[in-house]
Amino acid sequence: MPLSMVEQGDTRTITEFRGQEEMKRRLQDLGFIKGEKIHVIGEGSGGMILMVKGVKIALNRGLANRIMVAEHDS
């Protein structure tokens, strides 16, 4: 499922990226790596506030829609 569909307060694991290689590299430079856990701290109409590797990152919904995460984390 896309990261953009995850609700506030949930934690999920990145499974894959969809999009061009340049976009994938940029997300990986920010800490979005396959297998990494992401916690959704907050959300608004334009984007999401996420915790990745102990760092808060704001991400627009367009990019969040290209990050696929596991449907349920254990």
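Two strands pair if DSSP finds at least two bridges between them, and strands here are DSSP runs of E, at least two residues long, numbered like the helices (H or I, at least four) from the N terminus. With that in mind, colour the strands: five of them form an open antiparallel sheet in the order β4-β3-β2-β1-β5. The edges are β4 and β5, each pairing on one side only. On average, neighbouring strands are turned by 45° against each other, direction ignored (axes are lines fitted to C-alpha atoms, for helices over the stretch in contact; angles between N-to-C directions run from 0 to 180 degrees).

Before moving on, keep in mind that this is a predicted model, where local features need pLDDT of at least 70, side-chain atom pairs count only at pLDDT 80 or more, and totals for chains, interfaces and linings use all residues. Numbering starts from 1 along each chain as its sequence is written, and side-chain values use heavy atoms, without hydrogens and water.

Next, select β3 and β4, which are joined by six bridges and run antiparallel. Met48 has Leu59 in β4 as its bridge partner.

Stay on Leu59: not counting residues up to four places away in sequence, its contacts (heavy atoms within 4.5 Å) include Leu3, Leu27, Phe32 and Ile67.

Now show the largest nonpolar core, which has 18 residues; such a core joins buried Ala, Val, Leu, Ile, Met, Phe, Trp, Tyr and Cys through side-chain atoms within 4.5 Å. Its largest share, three residues, comes from β3.

Finally, pick Arg12 in strand β1. Arg12 is buried, because its relative accessible area is 11% and buried means under 20% (1.4 Å probe, protein chains only).

Definitions and conventions: Buried < 20%, exposed > 50% of the residue type's maximum accessible area, 1.4 Å probe, protein only.
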